[in-house]
Amino acid sequence: MEQFTNGIVDAYISGTDVGSTNSLRQISEQFGITLMKTRKILITAGAYHTELSDQVISLKGNGKSISEIMQETGLSRSSVHSYLPYTKMIYNADELSLYAERCRLYRERKQAVEKLHCYMDKSLELLKTQLWETLKMFSGYSFTTVKGLKFHYTVNGNEILIDRKKKSINRSIANIALKETIEMKGNVNGPKKLNVFGASYLYPIFLRFGLIKMEGK
């Protein structure tokens, strides 16, 4: 459980999304837990606080009951609890096994992205190879298009199979998009700039990998 907590804190503080802000919702989806649990874990670890969370903790510290805090803040009972740190964390063996697997996947995905960046100054062929390895590592990850549409993909042979509308993008297209991104030095102002089929999906993927820079960064 400590490893699981450390993974969530690392994702929140350092950011699993290179060059972008990681929201609680993104972290929740990645680790397969609710947004409220994510917030509660981060608060317990001392990694997250807002004016509201500070208020809830202060009220509780001053002896206010959950009902009184609900009345004063307008929060639901479950929301109040999500803003308070854990006093004890009890999980069964199956949960711990599941959390350990999610920690392993988080670390492997992070390492794949880091390795991808190490190849940025190497040959294009090495970069293409590592891009494909990273794409395979992120199979099943929850991405969001610029228009706010969520999607997942799987990799089959040399194809990326998108779950939305059952679209597929082959490896050569991903490599062309990679070359375009490099030529623009990561300053890709929207999916259309990639000028390839499936750009609306490759754009958020490349953004997640840190190949594309966030606007203003």
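Which residues line the second largest pocket? They are Thr145, Val146, Lys147, Leu149, Arg164, Lys165, Lys167, Pro191, Lys192, Ser200 and Tyr201.

## Model and conventions

This is a predicted model, in which local features need pLDDT of at least 70, side-chain atom pairs count only at pLDDT 80 or more, and totals for chains, interfaces and linings use all residues. Residues are numbered from 1 along each chain as its sequence is written, and side-chain values use heavy atoms, with hydrogens and water left out.

## Pocket

The second largest pocket has a volume of about 270 Å³. A pocket is an open set of points on a 1 Å grid over the protein atoms alone, where a 1.4 Å probe fits, with protein on both sides within 12 Å along at least five of seven lines; lining residues have an atom within 4 Å of a point. The volume is the space filled by probe spheres set on the points, which are joined across faces, edges and corners.

## Nonpolar cores

A nonpolar core is a set of buried Ala, Val, Leu, Ile, Met, Phe, Trp, Tyr and Cys residues joined through side-chain atoms within 4.5 Å. Buried means under 20% relative accessible area, exposed over 50%, partly exposed in between (1.4 Å probe, protein chains only). The largest core has 31 residues. Leu135, Tyr153, Leu202, Phe206 and Phe209 have the most contacts inside it. Two or more residues come from each of helices H7 (93–118), H8 (124–137), H9 (171–183) and H10 (199–208), and from strand S4 (159–162). H10 gives the largest share, seven residues. Another core lies apart, with 23 residues, including Phe4, Ile8, Ile43 and Ile69.

Helices (H or I, at least four residues) and strands (E, at least two) are DSSP runs, numbered from the N terminus.

Trp132 sits in helix H8. Trp132 is buried, at 3% relative accessible area. Its C-alpha atom is 7.6 Å from that of Arg171, 39 residues apart along the chain.

Strand S3 (residues 153–156) runs antiparallel to S4, joined by four bridges. Strands pair if DSSP finds at least two bridges between them. Asn156 has Glu159 as its bridge partner in S4. The two strands form a hairpin with two residues between them. Gly157 in the turn has a positive phi of about 65 degrees.

## Cysteines

Cys103 is buried, at 2% relative accessible area. Cys118 is exposed, at 53%. The disulfide count is zero, where a disulfide is a pair of cysteine sulfur atoms within 2.5 Å.
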